[in-house]
Number of protein chains: 8
Amino acid sequence: GFAKVDHNRKVRQGFPEIIFGEGKTAAQIVSIMEAIKSKGDDVLATRVTKEKAKEILKYQPDFIYNETAHILFWKKEQQLPEKSSGYIAIVCAGTSDLRVAEEAAATAEFLGSEVRRIYDVGVAGIHRLLDNAEEIRNATVSVVVAGMEGALPSVVGGLVSRPVIAVPTSIGYGANFQGLSALLAMLNSCASGVSVVNIDNGFGGAYNAVMIDRMAGSEKAED
Amino acid sequence: GFAKVDHNRKVRQGFPEIIFGEGKTAAQIVSIMEAIKSKGDDVLATRVTKEKAKEILKYQPDFIYNETAHILFWKKEQQLPEKSSGYIAIVCAGTSDLRVAEEAAATAEFLGSEVRRIYDVGVAGIHRLLDNAEEIRNATVSVVVAGMEGALPSVVGGLVSRPVIAVPTSIGYGANFQGLSALLAMLNSCASGVSVVNIDNGFGGAYNAVMIDRMAGSEKAED
Amino acid sequence: GFAKVDHNRKVRQGFPEIIFGEGKTAAQIVSIMEAIKSKGDDVLATRVTKEKAKEILKYQPDFIYNETAHILFWKKEQQLPEKSSGYIAIVCAGTSDLRVAEEAAATAEFLGSEVRRIYDVGVAGIHRLLDNAEEIRNATVSVVVAGMEGALPSVVGGLVSRPVIAVPTSIGYGANFQGLSALLAMLNSCASGVSVVNIDNGFGGAYNAVMIDRMAGSEKAED
Amino acid sequence: GFAKVDHNRKVRQGFPEIIFGEGKTAAQIVSIMEAIKSKGDDVLATRVTKEKAKEILKYQPDFIYNETAHILFWKKEQQLPEKSSGYIAIVCAGTSDLRVAEEAAATAEFLGSEVRRIYDVGVAGIHRLLDNAEEIRNATVSVVVAGMEGALPSVVGGLVSRPVIAVPTSIGYGANFQGLSALLAMLNSCASGVSVVNIDNGFGGAYNAVMIDRMAGSEKAED
Amino acid sequence: GFAKVDHNRKVRQGFPEIIFGEGKTAAQIVSIMEAIKSKGDDVLATRVTKEKAKEILKYQPDFIYNETAHILFWKKEQQLPEKSSGYIAIVCAGTSDLRVAEEAAATAEFLGSEVRRIYDVGVAGIHRLLDNAEEIRNATVSVVVAGMEGALPSVVGGLVSRPVIAVPTSIGYGANFQGLSALLAMLNSCASGVSVVNIDNGFGGAYNAVMIDRMAGSEKAED
Amino acid sequence: GFAKVDHNRKVRQGFPEIIFGEGKTAAQIVSIMEAIKSKGDDVLATRVTKEKAKEILKYQPDFIYNETAHILFWKKEQQLPEKSSGYIAIVCAGTSDLRVAEEAAATAEFLGSEVRRIYDVGVAGIHRLLDNAEEIRNATVSVVVAGMEGALPSVVGGLVSRPVIAVPTSIGYGANFQGLSALLAMLNSCASGVSVVNIDNGFGGAYNAVMIDRMAGSEKAED
Amino acid sequence: GFAKVDHNRKVRQGFPEIIFGEGKTAAQIVSIMEAIKSKGDDVLATRVTKEKAKEILKYQPDFIYNETAHILFWKKEQQLPEKSSGYIAIVCAGTSDLRVAEEAAATAEFLGSEVRRIYDVGVAGIHRLLDNAEEIRNATVSVVVAGMEGALPSVVGGLVSRPVIAVPTSIGYGANFQGLSALLAMLNSCASGVSVVNIDNGFGGAYNAVMIDRMAGSEKAED
Amino acid sequence: GFAKVDHNRKVRQGFPEIIFGEGKTAAQIVSIMEAIKSKGDDVLATRVTKEKAKEILKYQPDFIYNETAHILFWKKEQQLPEKSSGYIAIVCAGTSDLRVAEEAAATAEFLGSEVRRIYDVGVAGIHRLLDNAEEIRNATVSVVVAGMEGALPSVVGGLVSRPVIAVPTSIGYGANFQGLSALLAMLNSCASGVSVVNIDNGFGGAYNAVMIDRMAGSEKAED
Ligand SMILES: Nc1ncnc2c1ncn2[C@@H]1O[C@H](COP(=O)(O)O)[C@@H](O)[C@H]1O
Ligand SMILES: Nc1ncnc2c1ncn2[C@@H]1O[C@H](COP(=O)(O)O)[C@@H](O)[C@H]1O
Ligand SMILES: Nc1ncnc2c1ncn2[C@@H]1O[C@H](COP(=O)(O)O)[C@@H](O)[C@H]1O
Ligand SMILES: Nc1ncnc2c1ncn2[C@@H]1O[C@H](COP(=O)(O)O)[C@@H](O)[C@H]1O
Ligand SMILES: [Mg+2]
Ligand SMILES: [Mg+2]
Ligand SMILES: [Mg+2]
Ligand SMILES: [Mg+2]
Ligand SMILES: [Mg+2]
Ligand SMILES: [Mg+2]
Ligand SMILES: [Mg+2]
Ligand SMILES: [Mg+2]
């Protein structure tokens with residue numbers, strides 16, 4: 001009873017329901033997800049720890065858990081992804097950024113976009129990135145995930161002519177100040193075409209990218 | 001002599017040259033702009049004060065100055081904008097945000113997108129915004145400009161299902177801390193589909209929006 | 001013996017004693033509350049965790065615990081609330097803000113005011129708020145609780161012509177910086193008639209509101 | 001042309017129009033004020049420097065300028081203030097805070113409330129404040145203005161049982177950080193019944209106070 | 001082995017050895033203290049938790065533990081305090097500040113000064129402080145401990161003509177930012193004669209006070 | 001009229017009147033100073049720029065202006081300084097800190113203390129400081145003024161056994177953040193016996209030092 | 001699988017592989033280290049807690065664990081350090097800085113440099129440092145580790161004419177803000193020849209120093 | 001008179017005198033420079049504005065002014081630079097960083113090192129940097145100057161195996177916070193071998209680089 005679920009907005013926007021799992025108990029998560037599933041709607045929850053997921057999966061073995069991404073979801077079988085001939089590039093700097101990168105990747109796939117993962121291509125070994133330049137350039141949009149000095153979106157932004165959604169992570173220590181260094185770097189990117197979401201917000205990066213990919217997708221689908 | 005102009009990038013990305021006028025003298029601005037114009041390319045400079053513009057216009061009366069936007073540009077007559085059946089909504093909260101909003105609007109128009117201005121619709125008089133909801137919803141993408149508490153992108157983000165580029169401004173005083181309050185608010189938006197550029201970066205907001213609008217535009221153009 | 005209880009102030013101000021439970025042991029809380037109760041005075045403690053409350057309720061089963069609000073109190077039966085024909089609207093943005101909103105609501109009720117709860121009406125789904133505009137407008141004063149971008153008080157402030165007490169919460173992550181984003185947003189509200197209390201200070205929001213409601217209440221009571 | 005004046009809000013809320021003069025030219029201020037005056041409505045502008053005021057007064061000698069408050073206004077003669085038998089106490093710490101205190105006082109008087117000024121009663125000479133305690137206690141609400149360590153609202157809050165609106169000022173230097181020290185102190189006040197507005201926001205302090213005073217006032221007026 | 005103990009400095013300055021217990025194990029604390037004691041020197045350790053103290057006291061039952069202050073010390077019986085006819089006033093705002101205030105008091109007593117405790121006299125109930133004004137005025141120096149808005153040193157500084165050492169504490173929440181609000185307030189005190197030590201540094205406050213008290217003390221002792 | 005001069009406090013504390021000249025016009029400064037002088041009292045104003053001083057000295061040629069210190073004062077001839085056989089050491093790091101160091105020195109001399117200046121002894125050339133160690137050690141109290149990394153008070157604090165009042169200055173650039181680097185360094189000094197005043201507050205450093213020197217002075221005077 | 005190991009960079013730069021152990025499980029650390037070792041390459045991991053080390057050493061008893069440094073490594077016996085006739089001075093302020101200082105020392109030794117440890121020579125007892133001045137002066141480069149006020153690099157920088165790499169530590173409390181005070185102090189050092197790495201980054205300090213020492217070393221080796 | 005010039009340090013360290021020109025008048029700069037020149041010593045002043053330089057050059061036409069670098073110097077003709085067969089690479093991101101980059105370059109040349117300028121190679125056009133990789137790799141040390149997101153040192157650090165001195169600049173606006181974004185990025189560089197100096201401190205970058213280059217230089221010179 002306590003929450004006014006905003007069904008109208010979701011429908012109007014063509015996106016299934018997504019739950020923010022942090023600060024919710026396993027019981028709360030499962031009850032919300034089941035309510036949505038019971039109407040035949042897809043549902044996904046982010047920030048679900050392994051412990052909570054285990055508990056939930058006992059009762060709902062048909063839910064799927066992505067351990068790296070901390071994401072739990074359920075998807076109607078028959079439902080086909082909205083066809084798009086394009087794809088989203090999810091680019092990340094280091095292996096420590098994997099949780100956030102996978103939150104983005106799994107969210108984008110759940111929302112129906114094709115995803116290409118280009119991981120561990122941080123700027124301190126620039127050739128790893130350049131070796132993948134072509135694949136990134138051909139994406140409709142890139143989600144670029146990086147912690148520490150947050151330099152990767154600037155380099156990617158210079159390589160591509162499509163939008164870059166930058167996701168700073170809290171990876172680092174000391175003068176990193178929980179992701180502030182990467183956040184400020186990305187907001188100050190000297191490359192055009194870079195916009196930024198909150199620290200560790202892989203979900204938000206994916207959501208923006210899917211919106212853009214759908215536009216491009218429907219375009220190409222009509223070719 | 002001193003600067004390695006990155007012509008390649010501009011060409012590759014399909015965007016004309018844009019100059020950051022702040023910290024450059026009138027003489028420097030005019031010499032760079034003329035060099036580009038002399039090759040028959042369009043050129044635009046942001047952050048050109050009225051004083052500098054006056055000086056430049058004496059020598060180059062065919063340049064056009066947008067006083068509110070602090071923007072100076074030159075455009076080849078024969079060149080037709082890349083046709084797009086969509087438009088970008090530039091939404092702003094108060095009249096004090098006009099300079100930044102117009103920097104966005106003038107940049108987007110220069111880059112060939114159609115723009116609709118929905119100004120002075122700050123959240124403290126929410127009906128002004130709601131009266132314009134339809135026009136914002138139909139845009140391919142919105143650039144939402146706001147200072148002080150920076151709340152407008154959150155409300156707009158909830159109304160539309162297309163991307164919102166949020167531009168915080170430094171308008172305010174005291175605990176505004178030169179735009180920090182609006183910046184943090186926008187990064188923490190509870191609406192999905194909002195990404196953020198630097199404080200007062202109307203140019204950046206427009207650049208991201210045009211990238212997106214072109215995708216959508218080519219799509220619709222093919223209808 | 002160690003504390004100089006300021007009985008005089010409480011009496012002079014017409015407010016019963018309120019204890020800040022954070023950082024106090026169950027034993028300390030119970031001993032202070034019993035001392036006050038033993039004089040026949042009402043007493044309330046905020047920030048009492050479920051664990052401490054359980055322990056205390058074993059010894060004092062006539063105390064009442066509000067689990068959502070983390071509030072424990074005792075009230076003399078015969079005492080009737082100071083009659084007021086008005087009410088306080090407690091408005092909150094999301095279900096994560098519930099603890100703080102309920103701290104405000106329970107405190108205000110304990111202090112003798114009538115409360116109407118308008119919860120889960122965050123600005124990203126603005127119609128949920130507008131559907132409740134009438135009830136908020138008719139309140140003598142509103143306590144508006146929000147985390148993340150803290151935009152709600154600005155919208156409410158524009159709807160009503162009575163005072164709005166804004167309570168930022170620490171709900172959020174990343175660039176939220178433990179409630180700083182909401183706090184700054186509220187201090188910079190472009191709506192007139194909004195004043196702000198400390199992050200997560202539901203108690204303080206309620207206390208201010210009750211002071212105002214009593215003025216309005218006595219007015220109406222005389223009609 | 002460019003601005004959507006929100007007449008509806010002003011009427012609905014029973015408050016005349018107030019202009020924020022900072023960042024507006026003398027010409028802009030005078031044209032907005034004349035437009036309002038021409039409809040027979042009262043009008044006031046804050047943050048009008050002496051230079052701008054001089055210029056405006058040449059054309060509109062019936063406008064009144066309060067030099068300390070940096071406030072310019074026009075008021076219809078026949079209009080009587082909404083009768084209130086109460087008053088607002090404007091309390092300030094030092095003579096450097098006068099501009100902000102007078103912005104509050106002049107705004108409150110313009111909005112129809114009676115004001116009592118209790119100035120230069122900073123906490124480092126506590127007896128100056130205590131000598132005025134009675135007058136502050138009898139106010140319906142206090143606006144307490146202080147810079148530097150911002151301690152005054154805490155002491156006043158302990159003396160009175162009516163609401164205190166705290167206005168931090170940017171007076172100070174060094175670790176004052178443009179008013180941050182006073183702002184943080186006031187948000188952390190250990191006295192109940194204190195709420196805070198933005199740094200140097202005398203206008204906001206007064207607006208909140210008048211809202212409260214009107215409630216109390218109508219009450220008393222009915223005695 | 002690893003540490004170069006700076007015996008020379010201690011001797012030159014006439015102060016016994018003081019250990020900073022935080023981040024040291026019980027074993028490390030006891031071994032340093034025993035080494036000093038074995039030379040017949042007094043020794044005191046600050047920031048010793050109850051758990052560590054219990055462990056240490058099993059082996060060294062002649063050590064004395066002050067639980068509130070988190071202080072453990074050993075003092076030679078025969079040694080008489082350097083005679084001083086003056087005393088230090090330790091003033092604190094609330095009962096939450098007790099740990100820091102007692103760290104100051106116990107340190108000062110250990111260093112040979114007489115201490116008078118004036119506790120729980122926060123500015124929101126100003127008469128509690130004024131009732132003790134005489135005793136504070138007669139002290140050679142005051143150590144004033146306060147968290148939250150940190151207003152107490154300003155009021156005390158205005159009452160006395162001797163030095164005030166202000167000790168901000170980290171007591172508070174939200175916009176307190178771990179003691180920043182109190183620290184900034186104290187650095188901006190409008191009272192003359194107030195200097196400040198680090199947040200929660202009761203030891204530092206006492207050390208400075210004892211230095212001053214010794215000067216005053218020797219003076220009076222010669223009367 | 002507007003200011004409640006706190007004569008009582010000044011008398012009670014045995015200190016002449018000191019005016020804060022910043023933000024006051026030459027006319028305001030001269031009128032306050034003459035009012036005090038006319039009662040035969042000494043008077044000093046800090047933060048008086050050369051321009052204002054010139055203007056004032058035309059009307060009051062018997063005032064004395066210390067250009068380095070930005071201090072203007074008047075002192076009764078017949079009045080002899082309160083005799084003290086001790087002295088205050090004013091120590092400063094670099095020539096850029098001179099204005100603040102001289103504000104301290106001139107204030108202390110005006111208040112009747114003997115001052116020894118030990119200037120330009122910053123820690124990057126440690127032997128310059130050590131060459132003066134004896135003179136600093138023999139002072140009753142030291143005022144140590146430093147900008148940039150603010151390291152000097154830590155070194156001085158280790159050399160002496162009397163109190164050190166540390167005055168951070170805003171000298172520096174970049175990560176200096178207007179004196180924040182020096183302020184934080186001094187608050188974290190690992191030397192015991194260091195307390196801190198506000199950034200650039202030479203006056204405050206001197207005031208604290210004179211209070212301490214008077215205690216020590218009266219002591220020695222009685223020898 | 002998931003990580004693109006940048007072997008090329010390591011080889012090109014002549015440095016063995018170094019693992020950042022924080023946030024990795026014992027299993028992950030051991031698997032990466034074994035993979036490198038199995039190619040006959042040296043390998044070192046920083047930030048390995050005692051618990052993880054114990055677990056790993058059970059399976060790999062030929063790994064060596066430096067408990068103070070939290071460093072685990074394996075080195076081929078036959079491999080001789082690149083000969084250098086110089087050495088690196090690792091200087092640290094207090095015993096609390098030992099973990100970071102030893103991270104630097106152990107890393108430098110692992111990378112083939114000779115190290116001299118000059119520990120516990122903080123500036124509050126300046127003679128301890130001066131007693132070691134000769135040894136520091138003769139180093140090819142110094143790594144200077146300090147927390148709290150971070151003053152040590154400034155003093156060392158003034159004593160030597162070779163580069164100083166400053167490593168701020170997070171040791172301290174209150175206004176230390178997790179190492180910010182030391183970091184800012186070091187960035188503002190008035191001594192020339194000081195550069196700074198991240199808070200607690202002993203590894204980074206050593207890496208820079210070894211690079212420099214190798215240049216100097218090869219020089220001397222050729223004598 | 002007032003300053004204790006630290007000749008000893010300069011001699012001991014083998015570096016000529018360098019004056020910090022900011023905050024000094026033309027008269028002060030010229031008098032210090034002449035004093036040093038009169039002893040036959042080289043002398044250089046940083047941060048000398050064009051206006052001051054013009055004034056000084058009238059009296060000392062044999063001084064040389066570098067307008068971009070804001071540097072004024074005098075060098076004895078006969079003195080030959082200490083021979084080094086290596087060189088320092090000064091790398092900068094954009095033309096706005098030129099003042100700082102040239103401060104570094106001119107300082108390094110004055111101190112006797114060979115300099116290669118690789119300018120305008122910011123990361124948003126990565127091929128411009130890669131085209132110069134060989135020249136940077138062959139330098140004994142690189143000074144890398146960048147504002148905004150400060151990403152350049154990370155990319156350079158990954159390309160070279162010699163030390164990188166990173167110099168953040170204050171170039172940028174909004175969330176740049178006067179160079180904070182670049183500073184934090186550089187301190188968090190994921191490339192090994194990067195150390196950082198203060199914002200805009202081109203001088204400091206050069207000084208560190210020359211120290212290192214001399215070591216490498218003498219080495220090679222002996223080949
Ligand atoms: N000094 C002030 N500080 C903050 N807000 C103000 C001030 N003066 C006027 N305002 C507000 O600014 C609004 C007018 O802004 P504007 O349309 O820019 O003139 C008014 O409705 C007031 O709510
Ligand atoms: N440079 C200074 N820094 C801080 N406080 C000062 C300074 N000069 C004077 N004061 C203080 O300011 C008070 C006078 O303030 P005012 O009445 O505004 O002139 C004096 O009593 C001093 O306590
Ligand atoms: N304590 C440390 N602090 C900073 N960087 C480190 C540290 N230890 C290792 N590294 C760096 O981290 C890299 C390895 O990171 P990873 O691949 O996450 O293990 C190494 O190449 C080093 O450059
Ligand atoms: N641009 C600069 N940035 C930082 N430090 C500088 C700069 N120029 C000179 N210095 C340093 O400042 C010292 C001289 O300071 P001063 O005595 O004030 O001229 C020199 O020894 C240098 O160490
Ligand atoms: Mg791009
Ligand atoms: Mg949306
Ligand atoms: Mg309102
Ligand atoms: Mg009260
Ligand atoms: Mg006093
Ligand atoms: Mg000492
Ligand atoms: Mg040196
Ligand atoms: Mg490298």
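Which side chain has an N or O atom 2.8 Å from an oxygen atom of ligand 1? The side chain belongs to C:Ser192. The model is predicted.

## Ligand 1: location and shell

Ligand 1 sits between chains B, C and D. Its surroundings comprise 12 residues, and the closest are B:Tyr173, C:Ser192, D:Phe20, D:Lys24 and D:Thr46. Strand β1 of chain D, residues 17-20, contributes the most to this shell, with 3 residues. Sorted by class, the shell around ligand 1 holds 5 nonpolar, 3 polar and 4 charged residues.

D:Glu103 places a polar side-chain atom 3.2 Å from a nitrogen atom of ligand 1. For D:Asn201, a polar side-chain atom is 3.3 Å from a nitrogen atom of ligand 1. On its own, ligand 1 exposes 510 Å², of which the protein buries 79%.

## Ligand 4: location and shell

Ligand 4 is found between chains F, G and H. Around ligand 4 there are 12 residues, and those that come nearest are F:Tyr173, G:Ser192, H:Phe20, H:Lys24 and H:Thr46. Strand β1 of chain H (residues 17-20) supplies the largest share of the shell, 3 residues. The class division of the shell around ligand 4 is 5 nonpolar, 3 polar and 4 charged.

Contacts of ligand 4 with chain H involve both backbone and side-chain atoms, as follows. A backbone N or O atom of H:Ile18 is 3.5 Å from an oxygen atom of the ligand, while a polar side-chain atom of H:Lys24 lies 2.8 Å from an oxygen atom of ligand 4. The side chain of H:Asn201 has an N or O atom 3.3 Å from a nitrogen atom of ligand 4. Taken by itself, ligand 4 has 500 Å² of accessible area, and the protein covers 78% of this.

## Magnesium sites

In chain H, the magnesium ion listed as ligand 12 is coordinated by H:Gly157 (O) and H:Val160 (O), at 2.0 to 2.5 Å. Both H:Gly157 and H:Val160 are buried.

Conventions:
Residues are numbered from 1 along each chain as its sequence is written. Chains are lettered from A and ligands numbered from 1 in the order in which they are written. This is a predicted model: local features need pLDDT of at least 70, side-chain atom pairs count only at pLDDT 80 or more; totals for chains, interfaces and linings use all residues. Side-chain values use heavy atoms; hydrogens and water are left out. A residue is near a molecule or strand if one of its heavy atoms lies within 4 Å of it. A polar contact is a pair of N or O atoms within 3.5 Å; within protein, one must be able to donate a hydrogen and the other to accept it, and residues adjacent in sequence count only if both atoms are side-chain atoms. Accessible areas come from the Shrake-Rupley method with a 1.4 Å probe; for residues, only the protein chains shown count as cover. Helices (H or I, at least four residues) and strands (E, at least two) are DSSP runs, numbered from the N terminus. Ala, Val, Leu, Ile, Met, Phe, Trp, Tyr, Cys and Pro count as nonpolar, Asp, Glu, Lys and Arg as charged, and the others, Gly among them, as polar. Donors are N, O and S atoms within 2.8 Å of the metal (3.2 Å for Na, K and Ca); water is not among the atoms, so sites may look incomplete. Buried means under 20% relative accessible area, exposed over 50%, partly exposed in between (1.4 Å probe, protein chains only).
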